[in-house]
Amino acid sequence: MAIAESGETTVTRRTAAAKKPIRLFRNLWSKIALTPMILTAVVVFMGGTIWTIVYSFTNSGLLPRLNWVGLDQYERLWSTAKWIVSIKNLAIYGVFSLTFTLVIGFVLAALLDRKIRFEDTFRTIFLYPFALSFIVTGLVWQWILNPEFGIQGIVRGWGWESFTFNPLNDPEIVMFGLLIAGLWQGTGLIMCIMLAGLRGIDEDIWKAARVDGIGVVKTYVQIIIPMMRPVFVTAVVLITSGIIKLYDLVVAQTAGGPGIASEVPAKYVMTTMFGGQNLGQGFAASTMMLLSVVIILIPWALLEFGGRKRG
Amino acid sequence: MKLTTKLLAATAMVSAASAANAVELEVMHWWTSGGEAAAVGKFAEAVNERTEHTWIDGAIAGGGDTARPVMVSRIIGGDPPAAFQFNHGRQAEELIEAGLMLDLTDVAEAEGWEDIVNPPSLLDACTVDGRVYCAPVNIHSWQWMWLSNAAFENAGLEVPSSWTEFVAMAPALREAGIVPLAMGGQSWQQSGAFGVMNVALAGEDLWFRINRDKDASAVRSPEFRAVLEAFGEARNLAEGLDVLDWNLATAAVIEDRAAAQIMGDWAQGEFQVAGEVEGEDYTCLAGLGETAILSTGGDAFYFPVTGDPEIEAAQKEMAALLLSPEVQVSFNSAKGSLPIRGDVDLTTVNACTQTGLDLLANGNVMPDGNQLIAPDAQSQINDLMTEFWNDPAMSIDDVQERYAQIIENAS
């Protein structure tokens, strides 16, 4: 045993002496394999981002041109009613979507985790909407919420004549019409992630909790959820990126209407750039979107991931 | 006849010049609905049968707002199609200024477009610095109101002959359980209807001062305020019908649940598909029966610069072909639009189309808003009008001032 060990060390030492360890060539193959991805990240993402920011200070129309106008595009952006409405809508949608997706996703996962019958069937049913594109979801819910053919029409058909549920044509609550569709599509995936997290919890924790006489709900809230922190982080990142990107659902379900009541920032960018042929204005709006993501996401990511490494 | 012969001869000459060089012409457009596809098929047929070139169809579904970015990115990206469709107006202005579009001036001169294109404003829209860059193919007009005869009958009323009469009848229609005005939920419909009311109720002079001269004081005038007030009242007429798409709003008029709709001449196709007869089932009012005038929007074809002389010759040949009398007749008969030349007769014409043709022949025409206002300001106006339409709490002063600011900053 001792001989073998000393032999091994000599071999290692000899190799180390023969090949001077050059940092650049360590894991050479994996680095070569990574090159395309690194190039994509630097050239496409970083390059594209910088290009967009630079051109947001120009008065580019249909074609990009370097004709500086300073902060004009940003001044116009923040004095445009549609943009302000978009930001408010995104905030409403974001807060409710994040809360409800997490709560509903976790509750569904916890229920499935109670070893119910037909778990597979339920899981499939809940996950199924995620397989649809947002366009399909938007159209389906546009019809379900249509006052004549959808829920309102059916309930009135049953005899409840005064029943009113018409979110897509009411500027006050149209965002909740979108929220319902968004939740219907998105919670299934979060449920699956949560379920995987719950399955990763050691059975012994449950046994210990039971021995100590702790109730089921209390066990979930005080023991299991804190243990699932990484799972929640993943879920939050997924949900937030979905919120910022919110575009296709709006286009398919309400087209921003009634009026401008359900406009969102991504749609503002698309319509000014291609409908209004004003690239500069669209770039300014997308830069503001990036800025808000950076301001919220980077400190949070540093806290979440940077802190763990040091700890 | 003499002109036709001359034109044919010119076409033949162009054909002869490029006889040996058959090329494939990729044409991009967004005509994908039933009637539209049939119409564009006429173009393809003409190119395939009357020239030795081949038409490669590059249809993009989803309408102009989806298709235009795709076309523009292909052109900027250096992989342009041989030809593409845009609306009459300023949408291609920057592409022309950047030198990306083929100069068609020699074709226009050889074919005498200056004499045949009616109204001339369509050719003006294609002309930048005296050079012609596009081939107009059809005319669509916004200035129509469509009325359901049965809806008025059910309410015990005569079909009105003007907007003023119509507004007066609205309470009686309500009593009969009929929604007076059908309006879809999309911004372009509401903004478009406002444009029609602007011309019909305040006259074309005010409209020209605002849209052509960019005169903000015209927007701040009491006449314009009256139009905004009328538009605000029209909002009440439209209450009770919640639809998004224009054709669903038209369907409400066809089914007599709504009495009228302000919509362009493309709506007539819906009535025809539903088997309705003009005069019996529905009535049309040009310019809301107040100011009989047609706006002349529609479509034009542009030909990107390719640098290949063979393709260039084929492009020019195609441009000449699109405006030839036979192709104009077959295309516009299928599309339901009006031809861009006054010297041809459509095969099937009903009273509404005839009214349009008469207005066109008498010169009662004005340019489409898109021809005078750049897309940027146009989309701001769309947003403003749809906001106003959907928010009764918005004050007229506020709308008027914001409209004036858009016009002040417009180019």
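User: Is A:Ala255 buried, partly exposed or exposed, and how do I read that?

Analyst: This is a predicted model. A:Ala255 has 33% relative accessibility, so A:Ala255 counts as partly exposed.

User: Where in chain A is A:Ala255 found?

Analyst: A:Ala255 sits in a loop of chain A, between helix H12 (248-253) and helix H13 (265-275).

User: Which value does phi take at A:Lys115?

Analyst: A:Lys115 has a positive phi of about 55°, although A:Lys115 is not a glycine. A:Lys115 lies in the loop between H4 and helix H5 (119-127) of chain A. With a relative accessible area of 66%, A:Lys115 is exposed.

User: Which kind of peptide bond joins B:Asn118 and B:Pro119, cis or trans?

Analyst: Most peptide bonds are trans. The bond between B:Asn118 and B:Pro119 is cis, with omega at about -5°. B:Pro119 is in the loop between helix H6 (113-116) and helix H7 (121-126) of chain B.

User: Now confidence. Where is it lowest and highest in chain A?

Analyst: Check the chain average, then the elements. Chain A averages a pLDDT of 86, and 91% of the residues score at least 70. Within chain A, helix H1 (residues 2-18) is lowest, at a mean of 48. Helix H4 (residues 81-113) of chain A is highest, at 94. Over residues 1-12 of chain A, pLDDT stays under 50, and the model has zero contacts beyond four places in sequence for them.

User: Where is confidence lowest and highest in chain B?

Analyst: Chain B averages a pLDDT of 88, with 95% of the residues at 70 or above. Helix H1 (residues 2-17) of chain B is lowest, at a mean of 52. Strand S9 (residues 258-262) of chain B is highest, at 95. Residues 13-20 of chain B stay under 50, and here the model has nine contacts beyond four places in sequence.

User: How many aromatic pairs does the structure hold?

Analyst: The structure holds 36 aromatic pairs over all chains. One of them joins A:Trp78 and A:Trp83.

User: What describes a pair?

Analyst: A pair of aromatic rings is described by the distance of the centres and the angle of the planes. For A:Trp78 and A:Trp83, that is 5.9 Å centre to centre and 85° between the planes, an edge-to-face pair. A:Trp78 is partly exposed at 41% relative accessibility, whereas A:Trp83 is buried, with a relative accessible area of 1%.

User: Why is the pair of B:Phe86 and B:Tyr302 edge-to-face?

Analyst: Use the angle; over 60 degrees counts as edge-to-face. The planes of B:Phe86 and B:Tyr302 are at 65°, so the pair is edge-to-face, with ring centres 6.0 Å apart. The pair links distant parts of the chain: B:Phe86 in strand S3 (residues 83-87) and B:Tyr302 in strand S12 (residues 299-302) of chain B are 216 residues apart. Both B:Phe86 and B:Tyr302 are buried.

User: Which residues do ring pairs link into a cluster?

Analyst: The cluster holds B:Phe194, B:Phe224, B:Phe231, B:Phe388, B:Trp389 and B:Tyr403.

User: What lines the largest cavity?

Analyst: Ask for the volume, then the lining. The largest cavity has about 40 Å³ of space. Its lining includes B:Leu181, B:Met183, B:Gln189 and B:Ile262. Strand S8 (179-182), helix H10 (187-211) and S9 of chain B each supply at least two residues of that lining. The lining divides into six nonpolar, three polar and no charged residues.

User: What is the volume of the second largest pocket?

Analyst: The second largest pocket has a volume of about 740 Å³. It is lined by 34 residues; among those closest to its centre are A:Asn169, B:Met183 and B:Asp242. The lining residues divide into 16 nonpolar, 13 polar and five charged.

Key. Residues are numbered from 1 along each chain as its sequence is written. Chains are lettered from A and ligands numbered from 1 in the order in which they are written. This is a predicted model: local features need pLDDT of at least 70, side-chain atom pairs count only at pLDDT 80 or more; totals for chains, interfaces and linings use all residues. Side-chain values use heavy atoms; hydrogens and water are left out. On a 1 Å grid over the protein atoms alone, a cavity is a set of points where a 1.4 Å probe fits but cannot get out, and a pocket is an open set with protein on both sides within 12 Å along at least five of seven lines; lining residues have an atom within 4 Å of a point. Grid points are joined across faces, edges and corners, and a volume is the space filled by probe spheres set on the points. Ala, Val, Leu, Ile, Met, Phe, Trp, Tyr, Cys and Pro count as nonpolar, Asp, Glu, Lys and Arg as charged, and the others, Gly among them, as polar. pLDDT is the predictor's confidence in each residue, from 0 to 100. Helices (H or I, at least four residues) and strands (E, at least two) are DSSP runs, numbered from the N terminus. Contact means heavy atoms within 4.5 Å. Rings of Phe, Tyr and Trp (its six-membered ring) pair if their centres lie within 6.5 Å; planes under 30 degrees apart count as stacked, over 60 as edge-to-face and the rest as tilted. Buried means under 20% relative accessible area, exposed over 50%, partly exposed in between (1.4 Å probe, protein chains only).
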